[in-house]
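User: I'd like to learn how to read packing in a fold. Could you walk me through it?
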Amino acid sequence: MQGQIEDVFKRYDADADGSLTIDELQGMMQDLGGLFGFSAEVDSSTLMALLDADGNQVIDWQEWSHACAVWPQCLK
């Protein structure tokens, strides 16, 4: 499971800077549909606000892996 979580993060980290921007997150959500089990009404800015623990407007690996641990349906 950890490998899957890392693979998804790397796949959508288009610029390989170790973080997901709002645009990269939006692409992920479009491709993966019900990411985290949220309904279609949840947009990338809402998910960014939930996952961006330090408020720097990107989701880094630590924030991403923590979210996937908290939401076990993350990558089902």
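Predicted model: local features only at pLDDT ≥ 70, side-chain atom pairs only at ≥ 80, totals over all residues.

User: Leaving aside neighbours within four places in sequence, which residues is L20 in contact with?

Analyst: With that exclusion, L20 touches F9, Y12, D13, M28, M48, V58, I59 and W64. L20 sits in strand β1; strands are DSSP E runs of at least two residues, helices H or I runs of at least four, numbered from the N terminus.

User: Is L20 buried or exposed?

Analyst: Buried means under 20% relative accessible area, exposed over 50%, partly exposed in between (1.4 Å probe, protein chains only). L20 is buried, at 0%.

User: Which residues of α1 are buried?

Analyst: In α1, I5, V8, F9 and Y12 are. Seen down the helix axis, they fall within an arc of 100° (taken from the directions from the axis to the C-beta atoms), so they line one face. An α-helix has 3.6 residues a turn, so residues three or four places apart point the same way. On the face of α1 turned away from the buried side you'll find exposed K10 and R11.

User: What do the buried residues of α1 pack against?

Analyst: They pack against β1 (19-20), α2, β2 (59-60) and α4.

Methods: Residues numbered from 1 in each chain as written. Heavy atoms only, no water. Contact = heavy atoms within 4.5 Å.
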